[in-house]
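Open the model in your viewer and keep the selection tool at hand. The stops below go residue by residue.

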Amino acid sequence: MNRNETPEDRAFRAEVRDWLETHLSGDFAHARGLGGPGREHEAHQERLAWERHMARAGWTCVGWPKEFGGRGATLEQQVIFNEEYALADAPARVNHIGENLLGPTVIAFGTGEQRARFLPPIVAVEELWCQGYSEPDAGSDLANVQTRAVLEDGRWRIDGQKVWTSLATEADWCFAVCRTEPGSSRHRGLSYLLVPMKQDGVEVRPIVQPTGTSEFNEVFFDGARTGAANIVGAPGEGWKIAMATLGFERGVATLGQQVGFRRELEGVIDLARRTGAIDDPLLRDRLTRSWMGLEVMRLNAVRTMAGVAGGAPGPESSISKLVWGTWHRELGELAMDVLGAAGLVAAAEPYDIDDWQRLFLFSRSDTIYAGSNEIQRNIISERVLGLPREARP
Ligand SMILES: Cc1cc2nc3c(=O)[nH]c(=O)nc-3n(C[C@H](O)[C@H](O)[C@H](O)COP(=O)(O)OP(=O)(O)OC[C@H]3O[C@@H](n4cnc5c(N)ncnc54)[C@H](O)[C@@H]3O)c2cc1C
């Protein structure tokens, strides 16, 4: 915050703060703090209503160009927006995937018709999205995608299985990486298709996670259909488009998350004061390191932002992903160590884990999704530092 903000930025911050303060009241007062990692199902309808309320006032997709329904906010203003959003304890967003992943991809690579068809319902929060990349044998090795799509009677017919698909139960559409050239292998012959989820050929099976909730799912395509024009890029260009989406996911999509992290860290410090754990020199040292790690993360985010201004993030976005994922997972471990034996007891009612336990359990996934730590290190070493490539089959 306060990174040499211009007068315009300060005015923008005040505008966002005022709007949130005014509107997170009355019917929406109870929406504060709803949702978040490990609590994705919480009050979905209320959060949807809140996000549509934001949309009507022009506060969704703030970073998109105005011609596509956004506000044309600068990168700095997008950070400000996300910081103020977190400071207001506003509810977790329901259309993060549409707004931050699919939307920017369609803006960058979509046709005029696709922009006209798909962007307005994202801005209005009328259509929610999920990301169909991973498969049972294609996670880190995404190029091994086996889900097939063929043009049949003027439409794509899709058969195969995706897995770990976040929020698929709520999604209206999925952007799916599919193999469209029979006999092709690896990065070649893949396409990036936009597939409606609410149809007979799509089955979603929730996967229960350690938190007891099902943020992600298995998705089975069994003769699912989508229009021939619902392909971003040309047939066979799916890898390029999929990587661009990942760049958005690892980069700009995480703007402003430090405010939420800071609140969590302050909570852990407060917990340590209450339990007396703060008197343990080793825990105090880890709390201090955590605080410093957050500062490093913030400075790194500012540096990364300066590098991506005006364009799609490059491989450097992997640095941010590696840093924040690791920091947040360690914060979850620290919270458990601060709690001590109490961390082993499900103390929330009715016999449920509490927010600290939820943080610990969910943050195990931070170093896996959007590309595991090992994969981020590979990207940084090969594509940022120019070190020799790892051996590949
Ligand atoms: C909470 C959560 C939400 C998710 N949401 C989605 C979603 O919405 N859509 C979607 O498509 N996917 C989603 N994923 C899937 C995620 O992208 C994959 O889990 C991730 O890419 C890792 O793939 P994998 O699980 O198949 O593990 P694997 O690829 O099998 O990896 C297993 C281990 O081997 C390591 N490893 C693999 N290859 C290498 C290598 N070349 N060098 C060094 N180490 C390696 C990995 O780092 C990991 O530790 C989600 C995952 C989680 C945890």
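Start by selecting R186, which is partly exposed with a relative accessible area of 27% (buried means under 20% relative accessible area, exposed over 50%, partly exposed in between, with a 1.4 Å probe and protein chains only). This is a predicted model, in which local features need pLDDT of at least 70 and side-chain atom pairs count only at pLDDT 80 or more, while totals for chains, interfaces and linings use all residues. Residues are numbered from 1 along each chain as its sequence is written, and side-chain values use heavy atoms, with hydrogens and water left out.

D141 lies in the loop between strand 1 and strand 2 (148-152) and R186 in the loop between strand 4 and strand 5 (190-196), so the pair ties together parts that are 45 residues apart in sequence. Helices (H or I, at least four residues) and strands (E, at least two) are DSSP runs, numbered from the N terminus. D141 counts as partly exposed, at 34% relative accessibility.

Next, select R179, in strand 4 (residues 173-179). R179 is buried yet has no salt bridge; E181, the nearest side chain of opposite charge, is 7.4 Å away (Lys and Arg count as positive and Asp and Glu as negative; His and the chain ends are not counted). What lies 2.9 Å from a polar atom of the R179 side chain? The backbone oxygen of R188 does. Not counting residues up to four places away in sequence, R179 touches several residues, among them N144, R186 and L190 (contact means heavy atoms within 4.5 Å).

L190 is also touched by P235, as is S191. Select P235 in the loop between strand 8 (231-232) and helix 6 (238-250). P235 counts as exposed, at 54% relative accessibility.

Now go to E84 and R13, whose side chains meet in a salt bridge of 2.7 Å, N to O. The pair links distant parts of the chain: E84 is in helix 3 (residues 75-87) and R13 in helix 1 (residues 7-23), 71 residues apart. Both E84 and R13 are buried.

For the last stop, select R117 and E127, where the side chains form a salt bridge of 2.9 Å, N to O. R117 is partly exposed, with a relative accessible area of 35%, whereas E127 counts as buried at 14% relative accessibility. The structure holds 27 salt bridges.

Terms used
Salt bridge = Lys/Arg side-chain N within 4 Å of Asp/Glu carboxyl O. Polar contact = N/O pair within 3.5 Å; in protein donor to acceptor, adjacent residues only side chain to side chain.
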